[in-house]
Amino acid sequence: MYNILQIGYFPKELQARIDKAFQCHTAESVASDAGLRSKIEGIITRSNIVISEELISTLPHLKVISTAGVGHELIPIKFANERGVVVTNTPGVLDAAVCELAICIMLGLIRKLPAADRFVREGKWRTQDFPMATSLSGKAVGIVGLGRIGQGIASRLSPFGVDLLYSGSLRPQLPYRHYPDLRSLAAAADILFVCVPGGAATRKLIDAPVLEALGPEGFIINISRGTVVDESALIDALKAGKIEGAGLDVFNDEPDINPEFFNLPNIVMTPHIGSATQETREAMLCLALDNLNAVLSGAPALTPVFDLKSR
Ligand code: 8YV
């Protein structure tokens with residue numbers, strides 16, 4: 001059995017799969033044992049975990065870092081690749097679950113579902129009318145980041161009778177309206193989905209001018225990373241009614257998110273559960289384990305990631 005370092009928690013049924021396939025060691029045991037460090041050939045981790053250059057440097061026989069997640073902005077890929085360490089992620093297998101969660105947050109937000117549920121539970125139905133919401137049908141929906149997940153959301157939304165818009169690099173093969181930049185996309189959209197990867201390149205991509213352009217009847221949905229949205233600009237815009245509402249599955253400093261969000265009536269929040277279905281997490285782990293097995297047995301990784309800048 002290959003010796004691997006596990007960094008990150010996996011539910012017990014998934015942990016059993018890891019333990020069946022590999023000799024697993026914790027960061028603590030590896031940190032205190034030089035002999036063990038020299039035996040570690042792989043790391044299994046999750047997308048919300050930072051993997052430091054310092055850790056990689058302490059593992060002389062490390063061959064692969066496999067994250068059970070699609071996001072990899074917390075792994076120093078260039079540093080790893082330069083030391084012959086392959087980095088892998090789990091693209092594709094989580095797209096459906098993330099798209100489903102994105103659409104359900106959006107529908108829950110524009111139809112005021114959490115408030116409606118509370119309205120019934122609090123027995124208000126007998127004496128009050130629940131406020132009107134707004135329809136999805138006929139809306140202009142902007143997709144920021146037409147990767148697998150962005151396109152998955154667009155194709156799932158087209159049957160709802162919406163107008164689909166996007167910005168970024170032109171994709172003539174796609175039947176959606178293209179806008180030259182993010183602000184003009186936001187200005188044209190009623191609902192804006194944020195589906196770009198995290199990392200320095202997209203930090204605070206959604207800022208005050210973009211939210212201003214989205215406007216007082218606009219909704220924003222973020223299922224990518226908290227870092228992509230300027231959160232203080234978002235909170236200000238929500239408080240001032242500069243946008244209608246926000247659906248958020250990701251935040252800065254998860255799980256210790258900004259408490260100012262808690263009292264905002266016009267948002268729907270979920271605890272980074274985009275890929276959190278039994279089926280999806282099992283598929284993510286299987287691919288992560290298959291990547292480990294492939295590289296450690298001398299075969300090419302199934303889904304390697306590379307530092308785009310150094311390619
Ligand atoms: C996480 C995600 O992996 O895949 C990603 O990039 O953000 C999620 O699927 C999951 O939340 C575990 O950290």
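Start by selecting helix 6, residues 95-110. Because 12 of its 16 residues are buried, helix 6 is largely enclosed by the rest of the structure. Here, buried means under 20% relative accessible area, exposed means over 50%, and partly exposed lies in between (1.4 Å probe, protein chains only). Helices (H or I, at least four residues) and strands (E, at least two) are DSSP runs numbered from the N terminus.

Before moving on, a word on what you are viewing: this is a predicted model, in which local features need pLDDT of at least 70 and side-chain atom pairs count only at pLDDT 80 or more, while totals for chains, interfaces and linings use all residues. Residues are numbered from 1 along each chain as its sequence is written, and side-chain values use heavy atoms, leaving out hydrogens and water.

Now colour the buried residues of helix 6, among them Asp95, Cys99, Met106 and Ile110. Next, check the length of helix 6: its end C-alpha atoms lie 23 Å apart, which agrees with the 22 Å that 16 residues should span at 1.5 Å a residue. That expected span is 1.5 Å times one less than the number of residues. Step just past helix 6 and click Lys112, which has a positive phi of about 55°.

Move on to helix 8, residues 148-157. Which of its residues are buried? They are Ile149, Gly150, Gly152, Ile153, Ala154 and Leu157. Show what these buried residues pack against, and you will find helix 6 again, along with strand 6 (140-144), strand 7 (163-166) and strand 9 (191-194). A contact here means heavy atoms within 4.5 Å.

Is Thr67 buried or exposed? Thr67 is buried, with a relative accessible area of 1%. Leaving aside residues up to four places away in sequence, Thr67 touches Thr45, Arg46, Ser47, Ile75, Thr88, Asn89, Thr90 and Ala288.

Finally, zoom out to the whole chain, with its 12 helices and 13 strands. Along its principal axes, the C-alpha trace spans about 70 × 50 × 35 Å. Of the 311 residues, 48% count as buried. Among contacts between residues at least 6 apart in sequence, 58% join residues at least 24 apart.
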